[in-house]
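The following note sets out points on the structure for discussion. Please read it alongside the sequence and the model.

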Amino acid sequence: MSPTQPDHLAALRLAVRRRLLPWFARHARDLPWRQEPRDPYAVWISEIMLQQTRVDTVIPYFQRFMKRFPTPAHLAAAPMRDVLKHWEGLGYYARAHRLHQAAQVLVRDYQGRLPDDPALLAKLPGLGPYATAAIASLAFGHPRAALDGNIMRVLARLTALPGDITRSATRRKLQHLADTLLAPKHPGATNEAWMELGALVCTPRNPRCSACPLARLCKARAAGRPEAFPQKPKKKKLPHKVVGAAVILNRSNQILIAQRHPDKGMLNGLWEFPGGKRRDTETMAGCIARELREEMGLTLEVGPRLVIVHHAYSHFTIELHAHFARILKGRPLHLDCADHAWVTPDQFDAYPFSKADHGIINAMRALPRPPRQRDYF
Ligand code: ADE
(Lines give C-alpha, C1' and ligand atoms only; values in the text may rest on other atoms or scores of the structure.)
Protein backbone atom coordinates (compact mmCIF):
# COMPACT_ATOMS: atom_id res chain seq x y z
CA MET A 1 0.00 0.00 0.00
CA SER A 2 1.36 3.42 -0.85
CA PRO A 3 1.53 6.22 1.72
CA THR A 4 0.41 8.63 -0.96
CA GLN A 5 -3.15 7.27 -1.18
CA PRO A 6 -5.08 10.54 -0.76
CA ASP A 7 -8.03 9.18 1.27
CA HIS A 8 -5.85 7.36 3.74
CA LEU A 9 -3.62 10.37 4.09
CA ALA A 10 -6.56 12.70 4.74
CA ALA A 11 -7.93 10.26 7.34
CA LEU A 12 -4.54 10.08 9.03
CA ARG A 13 -4.21 13.85 9.13
CA LEU A 14 -7.55 14.14 10.87
CA ALA A 15 -6.70 11.29 13.24
CA VAL A 16 -3.47 12.99 14.31
CA ARG A 17 -5.51 15.91 15.67
CA ARG A 18 -8.55 13.97 16.91
CA ARG A 19 -6.88 10.85 18.29
CA LEU A 20 -3.11 10.93 18.48
CA LEU A 21 -2.66 14.31 20.20
CA PRO A 22 -5.40 13.64 22.82
CA TRP A 23 -3.87 10.20 23.42
CA PHE A 24 -0.47 11.83 23.94
CA ALA A 25 -1.93 14.40 26.35
CA ARG A 26 -3.15 11.50 28.50
CA HIS A 27 -0.18 9.15 28.19
CA ALA A 28 2.91 11.35 27.89
CA ARG A 29 5.60 10.15 30.26
CA ASP A 30 6.85 12.61 32.81
CA LEU A 31 10.44 12.84 31.57
CA PRO A 32 12.95 15.30 33.08
CA TRP A 33 13.51 17.18 29.80
CA ARG A 34 9.77 17.73 29.35
CA GLN A 35 9.36 20.39 32.05
CA GLU A 36 7.28 23.32 30.82
CA PRO A 37 8.21 25.86 29.71
CA ARG A 38 10.77 23.91 27.72
CA ASP A 39 14.37 24.95 28.22
CA PRO A 40 15.91 24.80 24.72
CA TYR A 41 19.26 23.80 26.24
CA ALA A 42 17.64 20.85 28.05
CA VAL A 43 15.85 19.84 24.85
CA TRP A 44 19.14 19.94 22.96
CA ILE A 45 21.09 17.88 25.52
CA SER A 46 18.31 15.30 25.80
CA GLU A 47 17.86 14.95 22.04
CA ILE A 48 21.58 14.36 21.49
CA MET A 49 21.71 11.80 24.30
CA LEU A 50 18.55 10.08 23.01
CA GLN A 51 19.82 9.77 19.45
CA GLN A 52 21.51 6.41 19.99
CA THR A 53 20.42 5.55 23.50
CA ARG A 54 17.23 4.40 25.24
CA VAL A 55 15.16 6.71 27.44
CA ASP A 56 15.70 4.64 30.63
CA THR A 57 19.46 4.77 30.18
CA VAL A 58 19.48 8.49 29.35
CA ILE A 59 17.48 9.76 32.37
CA PRO A 60 20.24 9.54 35.04
CA TYR A 61 22.90 10.75 32.58
CA PHE A 62 20.72 13.74 31.64
CA GLN A 63 20.14 14.66 35.28
CA ARG A 64 23.81 14.50 36.20
CA PHE A 65 24.83 16.40 33.06
CA MET A 66 22.34 19.22 33.66
CA LYS A 67 23.42 19.55 37.27
CA ARG A 68 27.08 19.84 36.35
CA PHE A 69 26.60 21.90 33.14
CA PRO A 70 23.33 23.84 33.69
CA THR A 71 23.81 26.24 30.75
CA PRO A 72 25.69 26.36 27.43
CA ALA A 73 28.22 28.70 29.12
CA HIS A 74 28.99 26.10 31.81
CA LEU A 75 29.41 23.43 29.14
CA ALA A 76 31.61 25.62 26.94
CA ALA A 77 33.91 26.48 29.85
CA ALA A 78 34.29 22.90 31.11
CA PRO A 79 37.36 20.81 30.31
CA MET A 80 36.63 18.08 27.77
CA ARG A 81 37.72 15.37 30.21
CA ASP A 82 34.95 16.46 32.57
CA VAL A 83 32.37 16.37 29.76
CA LEU A 84 33.51 12.87 28.74
CA LYS A 85 33.38 11.73 32.37
CA HIS A 86 29.68 12.70 32.36
CA TRP A 87 29.21 10.85 29.06
CA GLU A 88 31.15 7.76 30.14
CA GLY A 89 29.12 4.64 29.28
CA LEU A 90 26.63 6.38 26.95
CA GLY A 91 28.69 5.51 23.88
CA TYR A 92 29.13 7.39 20.60
CA TYR A 93 31.54 9.83 22.20
CA ALA A 94 31.72 12.04 19.11
CA ARG A 95 28.34 13.32 20.32
CA ALA A 96 29.97 14.70 23.48
CA HIS A 97 32.80 16.36 21.54
CA ARG A 98 30.32 18.04 19.19
CA LEU A 99 28.12 19.22 22.08
CA HIS A 100 31.17 20.84 23.62
CA GLN A 101 32.12 22.50 20.31
CA ALA A 102 28.55 23.68 19.74
CA ALA A 103 28.38 25.16 23.27
CA GLN A 104 31.41 27.26 22.37
CA VAL A 105 29.71 28.48 19.20
CA LEU A 106 26.63 29.41 21.26
CA VAL A 107 28.73 31.46 23.69
CA ARG A 108 30.70 33.12 20.89
CA ASP A 109 27.91 33.88 18.42
CA TYR A 110 24.54 33.67 20.20
CA GLN A 111 24.95 35.12 23.73
CA GLY A 112 25.04 31.60 25.14
CA ARG A 113 21.58 30.62 23.88
CA LEU A 114 20.30 28.28 21.19
CA PRO A 115 19.14 30.29 18.18
CA ASP A 116 15.38 30.31 17.53
CA ASP A 117 15.91 29.57 13.83
CA PRO A 118 16.09 26.08 12.27
CA ALA A 119 18.57 27.21 9.62
CA LEU A 120 21.00 28.45 12.29
CA LEU A 121 20.41 25.41 14.49
CA ALA A 122 21.28 23.15 11.55
CA LYS A 123 24.72 24.76 11.31
CA LEU A 124 25.73 23.85 14.87
CA PRO A 125 28.20 20.96 15.27
CA GLY A 126 26.38 17.66 15.77
CA LEU A 127 22.95 18.80 14.62
CA GLY A 128 21.70 16.69 11.72
CA PRO A 129 18.18 16.83 10.25
CA TYR A 130 16.63 14.83 13.11
CA ALA A 131 18.04 16.87 16.01
CA THR A 132 17.43 20.15 14.18
CA ALA A 133 13.76 19.28 13.64
CA ALA A 134 13.31 17.98 17.18
CA ILE A 135 14.83 21.07 18.82
CA ALA A 136 13.17 23.51 16.42
CA SER A 137 9.73 22.01 17.09
CA LEU A 138 9.97 21.06 20.78
CA ALA A 139 11.84 24.11 22.03
CA PHE A 140 10.66 26.81 19.62
CA GLY A 141 7.42 25.58 18.00
CA HIS A 142 8.71 25.57 14.40
CA PRO A 143 6.74 23.27 12.06
CA ARG A 144 9.51 20.71 11.49
CA ALA A 145 8.78 16.99 11.40
CA ALA A 146 11.42 14.91 13.17
CA LEU A 147 12.14 11.41 11.92
CA ASP A 148 13.93 8.97 14.18
CA GLY A 149 13.88 5.17 14.25
CA ASN A 150 10.74 4.99 16.39
CA ILE A 151 8.81 7.44 14.26
CA MET A 152 9.88 5.67 11.07
CA ARG A 153 8.58 2.39 12.46
CA VAL A 154 5.19 3.87 13.39
CA LEU A 155 4.73 5.61 10.03
CA ALA A 156 5.92 2.61 8.03
CA ARG A 157 3.34 0.45 9.81
CA LEU A 158 0.46 2.91 9.45
CA THR A 159 1.02 2.95 5.70
CA ALA A 160 2.43 -0.60 5.27
CA LEU A 161 5.27 1.11 3.45
CA PRO A 162 7.15 -1.20 1.12
CA GLY A 163 10.90 -0.71 0.69
CA ASP A 164 14.00 -1.11 2.81
CA ILE A 165 13.98 1.47 5.61
CA THR A 166 17.76 1.88 5.41
CA ARG A 167 17.50 3.24 1.85
CA SER A 168 17.38 6.98 1.32
CA ALA A 169 14.45 6.74 -1.13
CA THR A 170 12.34 5.05 1.58
CA ARG A 171 13.44 7.62 4.14
CA ARG A 172 12.48 10.47 1.83
CA LYS A 173 8.98 9.01 1.54
CA LEU A 174 8.72 8.76 5.31
CA GLN A 175 9.96 12.32 5.78
CA HIS A 176 7.36 13.52 3.31
CA LEU A 177 4.70 11.57 5.19
CA ALA A 178 5.83 12.99 8.55
CA ASP A 179 5.82 16.52 7.08
CA THR A 180 2.29 16.01 5.76
CA LEU A 181 0.96 14.65 9.05
CA LEU A 182 2.49 17.36 11.26
CA ALA A 183 -0.27 19.32 13.03
CA PRO A 184 0.83 22.87 12.15
CA LYS A 185 -0.28 24.35 15.47
CA HIS A 186 1.30 21.56 17.53
CA PRO A 187 4.52 20.51 15.81
CA GLY A 188 6.42 19.62 18.99
CA ALA A 189 3.51 17.63 20.39
CA THR A 190 3.05 15.78 17.09
CA ASN A 191 6.70 14.77 17.03
CA GLU A 192 6.70 13.66 20.65
CA ALA A 193 3.37 11.88 20.26
CA TRP A 194 4.84 9.73 17.49
CA MET A 195 7.87 9.02 19.68
CA GLU A 196 5.60 8.12 22.59
CA LEU A 197 3.44 5.86 20.45
CA GLY A 198 6.58 4.10 19.21
CA ALA A 199 7.95 3.68 22.74
CA LEU A 200 4.75 2.63 24.55
CA VAL A 201 2.46 0.98 21.98
CA CYS A 202 3.93 0.48 18.51
CA THR A 203 7.01 -1.31 19.87
CA PRO A 204 9.44 -3.19 17.61
CA ARG A 205 8.15 -6.55 18.84
CA ASN A 206 4.67 -7.44 20.15
CA PRO A 207 3.05 -4.08 19.41
CA ARG A 208 -0.01 -3.38 21.59
CA CYS A 209 -2.38 -2.64 18.72
CA SER A 210 -5.43 -2.89 21.00
CA ALA A 211 -4.14 0.19 22.89
CA CYS A 212 -3.34 2.20 19.74
CA PRO A 213 -5.36 5.32 19.03
CA LEU A 214 -4.69 4.87 15.30
CA ALA A 215 -5.30 1.12 15.06
CA ARG A 216 -8.30 1.47 12.78
CA LEU A 217 -6.20 3.33 10.22
CA CYS A 218 -3.16 1.05 10.36
CA LYS A 219 -2.48 -0.77 7.09
CA ALA A 220 0.11 -3.12 8.59
CA ARG A 221 -2.39 -4.21 11.23
CA ALA A 222 -5.10 -4.64 8.60
CA ALA A 223 -2.71 -6.93 6.75
CA GLY A 224 -2.39 -8.94 9.97
CA ARG A 225 1.37 -8.49 10.33
CA PRO A 226 2.37 -5.21 11.96
CA GLU A 227 5.80 -6.57 12.88
CA ALA A 228 6.66 -7.11 9.22
CA PHE A 229 7.16 -3.33 8.93
CA PRO A 230 9.41 -1.48 8.55
CA GLN A 231 11.25 -3.70 6.09
CA LYS A 232 14.94 -4.02 6.93
CA PRO A 233 17.84 -5.89 5.35
CA LYS A 234 18.86 -9.07 7.16
CA LYS A 235 21.25 -8.44 10.05
CA LYS A 236 24.79 -9.57 9.33
CA LYS A 237 26.75 -11.35 12.02
CA LEU A 238 28.93 -8.84 13.87
CA PRO A 239 32.70 -9.11 13.38
CA HIS A 240 34.66 -10.23 16.44
CA LYS A 241 37.89 -8.57 17.55
CA VAL A 242 40.51 -10.02 19.84
CA VAL A 243 42.39 -7.19 21.54
CA GLY A 244 45.33 -7.16 23.97
CA ALA A 245 45.80 -4.47 26.64
CA ALA A 246 48.68 -3.85 29.02
CA VAL A 247 48.35 -3.09 32.72
CA ILE A 248 51.86 -1.64 33.00
CA LEU A 249 53.14 -1.31 36.56
CA ASN A 250 56.13 0.86 37.48
CA ARG A 251 58.31 0.41 40.56
CA SER A 252 56.00 2.70 42.56
CA ASN A 253 53.12 0.43 41.50
CA GLN A 254 51.47 3.13 39.46
CA ILE A 255 49.72 2.05 36.27
CA LEU A 256 50.16 3.56 32.83
CA ILE A 257 47.00 4.74 31.08
CA ALA A 258 46.79 6.40 27.66
CA GLN A 259 44.32 8.74 26.05
CA ARG A 260 42.87 7.92 22.64
CA HIS A 261 42.98 10.66 20.03
CA PRO A 262 40.08 13.08 20.69
CA ASP A 263 39.26 13.55 17.02
CA LYS A 264 39.88 10.09 15.60
CA GLY A 265 37.98 6.83 15.54
CA MET A 266 35.66 5.34 18.10
CA LEU A 267 35.78 5.95 21.86
CA ASN A 268 37.61 9.13 20.92
CA GLY A 269 39.12 11.07 23.78
CA LEU A 270 38.56 8.27 26.28
CA TRP A 271 41.36 6.79 28.39
CA GLU A 272 42.42 3.15 28.16
CA PHE A 273 44.88 0.50 29.12
CA PRO A 274 47.04 0.77 26.01
CA GLY A 275 47.06 -2.04 23.46
CA GLY A 276 45.34 -3.04 20.26
CA LYS A 277 44.09 -5.71 17.91
CA ARG A 278 45.87 -9.06 17.77
CA ARG A 279 47.02 -10.24 14.36
CA ASP A 280 46.20 -13.80 13.31
CA THR A 281 49.82 -14.90 13.57
CA GLU A 282 50.54 -13.38 17.00
CA THR A 283 50.48 -14.63 20.57
CA MET A 284 48.72 -12.32 23.01
CA ALA A 285 52.02 -11.35 24.63
CA GLY A 286 53.48 -10.63 21.18
CA CYS A 287 50.50 -8.47 20.28
CA ILE A 288 50.72 -6.41 23.47
CA ALA A 289 54.49 -5.93 23.09
CA ARG A 290 54.13 -4.81 19.45
CA GLU A 291 51.23 -2.45 20.17
CA LEU A 292 53.10 -0.71 22.99
CA ARG A 293 56.19 -0.34 20.82
CA GLU A 294 54.10 1.23 18.04
CA GLU A 295 51.83 3.33 20.21
CA MET A 296 54.19 4.55 22.94
CA GLY A 297 57.73 3.52 21.97
CA LEU A 298 58.04 1.12 24.92
CA THR A 299 59.79 -2.24 25.17
CA LEU A 300 57.81 -4.44 27.55
CA GLU A 301 58.02 -7.65 29.43
CA VAL A 302 54.48 -9.06 29.27
CA GLY A 303 53.45 -11.04 32.34
CA PRO A 304 50.40 -12.98 33.53
CA ARG A 305 46.85 -12.31 32.49
CA LEU A 306 44.56 -10.27 34.73
CA VAL A 307 41.24 -10.84 32.94
CA ILE A 308 39.46 -11.37 29.63
CA VAL A 309 36.60 -8.89 29.21
CA HIS A 310 33.82 -9.58 26.70
CA HIS A 311 31.82 -6.66 25.35
CA ALA A 312 29.43 -6.02 22.46
CA TYR A 313 29.61 -2.69 20.67
CA SER A 314 27.04 -1.76 18.04
CA HIS A 315 29.18 -2.90 15.11
CA PHE A 316 31.41 -5.62 16.56
CA THR A 317 32.06 -7.75 19.60
CA ILE A 318 35.33 -7.61 21.48
CA GLU A 319 37.35 -9.91 23.66
CA LEU A 320 39.81 -7.80 25.60
CA HIS A 321 42.76 -9.66 27.16
CA ALA A 322 44.45 -7.62 29.88
CA HIS A 323 47.96 -8.68 30.93
CA PHE A 324 50.26 -7.22 33.55
CA ALA A 325 53.47 -5.82 32.07
CA ARG A 326 56.54 -3.83 33.02
CA ILE A 327 58.79 -1.54 31.00
CA LEU A 328 62.21 -2.92 30.05
CA LYS A 329 63.20 0.09 27.97
CA GLY A 330 61.89 3.52 27.08
CA ARG A 331 59.63 6.26 28.41
CA PRO A 332 56.05 6.71 27.23
CA LEU A 333 55.89 8.66 23.97
CA HIS A 334 52.72 9.74 22.20
CA LEU A 335 53.39 8.00 18.88
CA ASP A 336 49.79 6.92 18.45
CA CYS A 337 47.92 8.29 21.44
CA ALA A 338 47.05 11.77 22.69
CA ASP A 339 48.34 11.69 26.27
CA HIS A 340 49.41 9.39 29.08
CA ALA A 341 49.33 9.34 32.88
CA TRP A 342 50.72 7.17 35.68
CA VAL A 343 47.97 6.60 38.21
CA THR A 344 47.09 4.44 41.20
CA PRO A 345 43.84 2.40 41.07
CA ASP A 346 42.06 4.89 43.35
CA GLN A 347 42.69 7.60 40.72
CA PHE A 348 40.93 5.80 37.85
CA ASP A 349 37.66 7.55 38.70
CA ALA A 350 39.06 10.89 37.55
CA TYR A 351 39.38 9.61 33.97
CA PRO A 352 36.69 8.59 31.45
CA PHE A 353 37.11 4.96 30.28
CA SER A 354 35.11 2.75 27.91
CA LYS A 355 32.88 -0.01 29.27
CA ALA A 356 35.38 -2.71 28.25
CA ASP A 357 38.20 -0.91 30.10
CA HIS A 358 35.92 -0.65 33.14
CA GLY A 359 35.90 -4.45 33.05
CA ILE A 360 39.69 -4.33 33.56
CA ILE A 361 39.32 -1.79 36.38
CA ASN A 362 36.71 -3.98 38.08
CA ALA A 363 38.97 -7.02 37.83
CA MET A 364 41.81 -5.04 39.38
CA ARG A 365 39.59 -3.82 42.21
CA ALA A 366 38.49 -7.41 42.87
CA LEU A 367 42.10 -8.39 43.64
CA PRO A 368 42.87 -8.88 47.33
CA ARG A 369 45.08 -5.77 47.17
CA PRO A 370 46.17 -3.22 44.55
CA PRO A 371 48.62 -4.86 42.13
CA ARG A 372 52.35 -4.43 42.75
CA GLN A 373 55.09 -4.96 40.19
CA ARG A 374 56.91 -7.44 42.41
CA ASP A 375 53.79 -9.68 42.62
CA TYR A 376 54.05 -10.47 38.91
CA PHE A 377 57.69 -10.05 37.83
N1 ADE B 1 13.46 10.12 21.93
C2 ADE B 1 14.02 11.16 21.29
N3 ADE B 1 13.51 12.32 21.72
C4 ADE B 1 12.60 12.02 22.67
C5 ADE B 1 11.73 12.77 23.49
N6 ADE B 1 11.72 14.10 23.41
N7 ADE B 1 10.92 12.11 24.34
C8 ADE B 1 10.96 10.76 24.39
N9 ADE B 1 11.74 9.99 23.67
C10 ADE B 1 12.57 10.61 22.80
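1. Asp148 caps the N-terminal end of helix H9, with a side-chain oxygen 3.2 Å from the backbone nitrogen of Asn150. Helices (H or I, at least four residues) and strands (E, at least two) are DSSP runs, numbered from the N terminus. A polar contact is a pair of N or O atoms within 3.5 Å; within protein, one must be able to donate a hydrogen and the other to accept it, and residues adjacent in sequence count only if both atoms are side-chain atoms.

2. The model is predicted: local features need pLDDT of at least 70 and side-chain atom pairs count only at pLDDT 80 or more, while totals for chains, interfaces and linings use all residues. Residues are numbered from 1 along each chain as its sequence is written, and side-chain values use heavy atoms, with hydrogens and water left out.

3. Helix H9 (residues 149-158) is mostly covered, eight of its 10 residues being buried (under 20% relative accessible area; exposed is over 50% and partly exposed lies in between, with a 1.4 Å probe and protein chains only). Just after H9, Ala160 takes a positive phi of about 45°.

4. The largest nonpolar core has 110 residues, and Trp44, Trp194, Phe273 and Ile360 are those with the most contacts inside it. Such a core is a set of buried Ala, Val, Leu, Ile, Met, Phe, Trp, Tyr and Cys residues joined through side-chain atoms within 4.5 Å. Domain 1 (6-228) and domain 2 (240-375) both contribute residues, so this core lies between them; the domain bounds come from an automatic or database domain assignment. Apart from it lies another core, of 14 residues, among them Ala246, Cys287, Met296 and Cys337.

5. Which residues surround Trp44? Leaving aside neighbours within four places in sequence, Trp44 is in contact (heavy atoms within 4.5 Å) with Leu75, Leu99, Ala102, Ala103, Leu106, Leu114, Leu127 and Ile135.

6. Four strands form an open sheet of mixed pairing, in the order S4-S1-S6-S5; two strands pair if DSSP finds at least two bridges between them. Its edge strands are S4 (275-277) and S5 (299-312), each pairing on one side only. Neighbouring strands are turned by 20° against each other on average, direction ignored.

7. Within this sheet, strand S1 (residues 240-248) and strand S6 (residues 317-329) pair in the parallel sense over nine bridges. Lys241 has Ile318 as its bridge partner in S6, and Gly244 has His321. S5 and S6 pair in the antiparallel sense over 11 bridges, and a hairpin of four residues joins them. In S6, Leu320 is the bridge partner of Val309.

8. Helix H14 (residues 355-365) lies across S1, S5 and S6, at about 115° to S5. Axes are lines fitted to C-alpha atoms, for helices over the stretch in contact, and angles run from 0 to 180 degrees between N-to-C directions.

9. An open sheet of three strands has the order S3-S2-S7 and antiparallel pairing. Strand S3 (271-272) and strand S7 (339-343) each have a single partner strand, so one side of each is left without a neighbour in the sheet. Five bridges join S2 (residues 255-259) to S7, and Leu256 stands opposite Trp342 in S7.
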